[in-house]
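Hi,

Here is the structure I promised to pass on. Have a look at it first, and my notes on what turned up follow below.

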Amino acid sequence: MKRPIIAGNWKMFKTPSEGSAFVDEVMKLVLDHEKVDVIFCPPFTALFNMKDAFESGKHFSLGAQNCHWEESGAFTGEISVGMLKDCRVQYVILGHSERRHIFHEPDEWINRKVHSVINGNMTPILCIGETLTQRDEGETEAILDKQLQLGLKGIDSLDNIVIAYEPVWAIGTGLTATPAQVSETHQQVRDILNQLYDTEAVENVAILYGGSVKPENAKELILTQGVDGFLIGGASLKVDSFTTIIENVELSI
Ligand code: PEP
């Protein structure tokens, strides 16, 4: 099994001071859980404050929730890869379903962002996933195929990429995909990637699951075939639930 990755997506929650206190507390509690890579993805405003807590080489890193693909310019409200780098950000979540559905981000923009993040020597966490209607209509594999083909267009190597499979219907809803659904879909993701990249690269790429992961289901999900870690929203906001998930993952591997 690969080193599991547990990424917490805070969305639009926590002020910079709340975020720093939270990270300090979590780090103290899971400092010894060195078998798991933990990524904190706070809102942009918290990143600069936090950067000193993340010294390189430890199993904790800082992630952002989005970025713009241009280096700089007249893009009111946007943040560039260089700005994130200055805050010691190592990962950037791209194509989250909330960006796709609420802010109507097309695959073409997501692809530009993937290129910029990789060119900036950071790692994109590329989110893909189907809606409930798409699943019910048997379109899951076609949707994932489209999101992967377009999101990764022009990307030659999977070396610095993390994929997060997040069924839209399971995000923030309390509904979790069953282990059978998760393993089947993660296999579909690998099959799609196998058409684009060589077998070894596809075996090595981390595919996270996201969608109502919580302490109660973390053990079962981390042991599910093809799952290399989690992208967690709601349960990453509380010290108890986030640290328990990290502990449960470390104990299960
Ligand atoms: C997410 O925001 O990526 C997510 C998976 O949220 P939640 O864990 O709350 O479903």
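Before anything else, keep in mind that this is a predicted model. I started with the ligand. There are 14 residues around the ligand, and those that come nearest are Lys11, Glu166, Gly172, Ser212 and Gly233. By residue class, the shell splits into 8 polar, 4 nonpolar and 2 charged residues.

For Gly172, a backbone N or O atom sits 2.7 Å from an oxygen atom of the ligand. Gly233 likewise uses a backbone N or O atom, at 2.8 Å from a ligand oxygen.

Helix H7 (residues 140-151) packs against helix H8 (residues 179-196) at an angle of about 45°, and their axes are 10 Å apart. That angle lies between the 35 and 65 degree limits, so H7 and H8 count as oblique to each other. The crossing of H7 past H8 is right-handed.

The other pair is helix H10 (residues 215-222) with helix H11 (residues 239-252), whose axes come within 9 Å and cross at roughly 30°. Because angles under 35 degrees fall in that class, H10 is roughly parallel to H11. Here, too, H10 passes H11 in a right-handed crossing.

Cheers

Note on methods: Residues numbered from 1 in each chain as written. Predicted model: local features only at pLDDT ≥ 70, side-chain atom pairs only at ≥ 80, totals over all residues. Heavy atoms only, no water. Near = heavy atom within 4 Å. Polar contact = N/O pair within 3.5 Å; in protein donor to acceptor, adjacent residues only side chain to side chain. Nonpolar A, V, L, I, M, F, W, Y, C, P; charged D, E, K, R; others polar. Axes fitted to C-alpha atoms, helices over the stretch in contact; angles between N-to-C directions. Helix = DSSP H or I, 4+ residues; strand = E, 2+ residues; numbered from the N terminus. Parallel < 35°, antiparallel > 145°, perpendicular 65-115°, else oblique. Left-handed = near helix turned anticlockwise from the far one by under 90°.
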